[in-house]
Every structure is written in C-alpha cells, then in structure tokens.
Amino acid sequence: MDRLASFGNDPFDKPPCKGCSSHLTEPYIKCAECGPSPFLICLQCYTRGFEFKKHQSDHKYEIMTSDFPVLEPGWTAQEEMALLEAVMDCGFGNWQDVAYQMRTKTKEECESHYMKNFINNPLFSSTLLSLQKTKDSHFADTAIPFKPTDDPPRPTFDSVLSRDMAGYMPARADFMEEFDNYAEWDLKDIDFVDDDSDVLRALKLAVVDIYHSRLRERQRRKKIIRDHGLINLRKFQMLERCYPKEVQDMYDAMRRFARVVGPTEHDKFIESNALEFELRKEIHRLQEYRKAGIKSFCSAKVYDRVKRVREEERRKRTMLSDMLQYIQDSRACQQWLSKQAAIDAGITPVVTPLPVTVSGRRSAPPLNLTGLPGTEKLNEREKELCQVVRLVPGAYLEYKQALLNECRRQGGLRLAQARALIKIDVNKTRKIYDFLIKEGYITKA
C-alpha cells in the first residue's frame, strides 16, 4: 500500500465517492487498475465491496492519505499544505492569523517551521541562486545591474559614532549640518516683481547664480565623501591601518588628491605604492644578504637569527646606558641592575619598593625619549622638560601649538586659560606654561 498526498486540505476540492457520492475524507481508497480517470471510494464503500462497471472488489488499491511527515517530524503533509495556503491567504509575517487558520499549530511553530524549511532551506536556496544566475546572464548583454554599497551604521543622535560620521543621517542619506549650511540665507529675502529695474533684476539673478554655485560645491563634496567611503570614519581608519607606517604616511599625504580622481583610481594608486614599498624592502633585504656574503636562503635564516640576537643585546646596552644617564637615584639604579641580572639568570626578581619622597609619593624616573615619535623636533631644553614631566614629545608639541595659537589670538595667556585649554595634570600644565614663558614662546596676559 502506498500513502500518497491528497488533492488538498479542503474536502470540497476532492471528487465525490463513486459509491455513496459523499465528500471524501482521508483516508480513502483509489483503485490502481481502473483508469485513466481516478476511481475513488470511501472506506465504508470499500468495506462493503462496492463494484461499479469495470471496477471489481478484488482490484489492487492505494490508500490516499497525507497523514505522514514530509520535511520534519511533527508536521504532516496535510499540515504543510495548510501552512502554505494560510501564508498565501494571510500574507508572509502575519503568523498570528496563519496559526488561527491552521488551528493545530502556534504562531511560533508556524514561523520557525516556515523560515527553516521554505526560506533558509539549502534546497530552495540553491534553486533561487540558479534563478538569480539565469537572471544575471539575461541582463549581462544589456546593462550591468546596480549593486548598492554597504548600508552605513545608524548611530543614535549625538553619540560618539554619530560625531565621527559628521552628523550623517543614513535614513535620509544626508548630513545634519551641510557644507556652507547658511547658503540659503542670502536668497531668502529675494523676490522677483514686475517693476524691477534691469540693474536690480540682473543683481538678483547674480545672487541666484552664486547660490547655485554654492549648491554645486556642496554636492561635489558630498559626492567625494560617498564615493570614497568617508562616511564610516572608523571603517576607513581600520582599512588605513592595514598598511605599513611608511605607506600610511604617504596615504595621509596623498589623501588631498583623492578629490581629483575616482575612488578606484585612488585605491589602485595606494596599492601600487604599497607594492612598491614591499618590493623596495625586499630588494634592500637581498642587498644586505649579498653585502654580508650570503648566497643561500638557509644561510639567510641563520643570519636573521643572529642579527635579532645582536640587536637585542644592543637594545639592552642602550637601555642600561639610558638608565645610568637619566636616573640620579643610586638605590633605584642598583635595584634595576639587580632585577635585570636576575631575569638574565632565569630567577624571579625580588622587587623592593622605591624610595618615598616627603610628600608620600614615589619618585618616578625621568621618561626615556629614545625612539619616541617627535623627539627629533625638540631642542635640548624641550627634551629635558618632557623627561622631567614625563610627557611624550607628540603630546607636548600638540599642547605647545595650542597654547601658541591661543596666545596669538588673545595677545597673551594666563595660567588659568592654559589649564582650561590643556586637560592634563595641573602641575604639568604649570611647568609647561612656565617653560614657554621663560623661553619666550608665549607672553603673560
């Protein structure tokens, strides 16, 4: 006996019983020998041995029912058909009405089953993919289908990400504050009337032309931002950090030329420069091998390993000389030497507390500026100041420039104004302020 699907969920969709003319309900009997039109009878007529014309009671038969699982256990074929019909009647997503029409499943069961077996099913996904490929091949000879860019993030108002995106509103594809935001103000009071003189009318038209040029400049800037993906600043910065530092510096310098070329051409230019940098680096490494008399890559591996050990020893000696040069406290210097000796010997160093000053604070050693960016831009007195206040050269140069700009703007600067401008420790601000006054960079208000 074979269990086959019925005509539908509604009994009125099925033909009536040949014996009693009643509407068939599952399960019912189908004669396997009579045809070509199906000969269907109910179970009551079958048990009575109903015979009609060519149909005999000893013919082979099939039991027609949909009470068996198709896609997953717990869902019969009849329920699958009822679910599809309910979705067609009520609409996709209206699971409350779908469950009410089915009456045998909850809305959560209807939603999860439909999404799992009819939306996220790999069988249907591959079918849709093949249809999409057929559609793409159909349009390949006519036009390239438009593919929108990634949807930018939608941050909340006045959040950090919103400020990083310069107030961009993705839902409107616009900025909260436009470039030249008050361009319309020059146009709001202009009114063209019939009794305007020729000079006045020409003047009003000139104002309108100026406004149009400002609008074109606004649109040009927005197009550059969108084409180069500058709306999502963090994503842009993450892509920039994947390059070496030298390429990053060149990338920052060449960013101003991105407005005159397209985004693809600009990216190709950056990638070609990054490739050139890698090739130059590799050529320099091979030239170093050749200069050292190395002729095989096995020897080059040994050379690199020995070179790393030699550089590590040189770094330790440099660190020691810096320590001896900058630390005036003999006890702290002796403690550091003992700690390094214990580390070199493979022994866990015993850390003793540093001497405490009268104020109760530990005396911090001067900052080592070796290798810090911006050190080469400082003179000797500025280096000494950064070492004493333990301030990196880059931050010092930024604070110095801010104080110089404020002093030029106001014709002088007070200590309170400097502390309001630089949000760091007040004692460090005083030392920087006194140093700039003493060196003549700024003047007191």
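A word on the model before we start. It is a predicted one, where local features need pLDDT of at least 70, side-chain atom pairs count only at pLDDT 80 or more, and totals for chains, interfaces and linings use all residues. Residues are numbered from 1 along each chain as its sequence is written, and side-chain values use heavy atoms, with hydrogens and water left out.

Let's begin with the rings. A pair of aromatic rings is described by the distance of the centres and the angle of the planes. Here, rings of Phe, Tyr and Trp (its six-membered ring) pair if their centres lie within 6.5 Å; planes under 30 degrees apart are stacked, over 60 edge-to-face, and the rest tilted. By that rule the structure holds 8 aromatic pairs. One of them joins Tyr 46 and Tyr 61, a tilted pair with 5.0 Å centre to centre and 55° between the planes. Tyr 46 sits in helix α1 (residues 43-47) and Tyr 61 in strand β4 (residues 61-64), so this pair ties together parts 15 residues apart in sequence. As for those labels, helices (H or I, at least four residues) and strands (E, at least two) are DSSP runs, numbered from the N terminus.

How accessible are these tyrosines? I call a residue buried under 20% relative accessible area, exposed over 50%, and partly exposed in between, with a 1.4 Å probe and protein chains only. Tyr 46 is partly exposed at 30%, and Tyr 61 is partly exposed at 31%.

Next, Phe 92 and Trp 95: their ring centres are 5.6 Å apart and their planes at 80°, so this pair is edge-to-face. Phe 92 is exposed, at 53% relative accessibility, whereas Trp 95 is buried at 8%. Together with Tyr 114 and Phe 118, Phe 92 and Trp 95 form one aromatic cluster.

Which residues of helix α4 (residues 107-119) are buried? They are Cys 110, His 113, Tyr 114, Asn 117 and Phe 118. Seen down the axis of α4, these fall within an arc of 100°, so they line one face of the helix; the arc is that of the directions from the helix axis to the C-beta atoms.

His 113 of α4 has a relative accessibility of 1% and counts as buried. Leaving aside residues up to four places away in sequence, His 113 touches Glu 72, Trp 75, Glu 80, Leu 83 and Phe 118, where contact means heavy atoms within 4.5 Å.

Helix α3 (residues 95-102) packs against α4 at an angle of about 105°, with the axes 8 Å apart. Those axes are lines fitted to C-alpha atoms, for helices over the stretch in contact, and angles run from 0 to 180 degrees between N-to-C directions. That makes α3 roughly perpendicular to α4, a label for 65 to 115 degrees; under 35 is roughly parallel, over 145 roughly antiparallel, and the rest oblique. Trp 95 and Met 102 are among the α3 residues making the contact, and Cys 110 and Tyr 114 among those of α4.

Last, two backbone spots. Lys 53 has a positive phi near 50°; Lys 53 lies in the loop between α1 and β4 and is exposed at 70%. Asp 180 also has a positive phi, near 55°, and is partly exposed at 26%.
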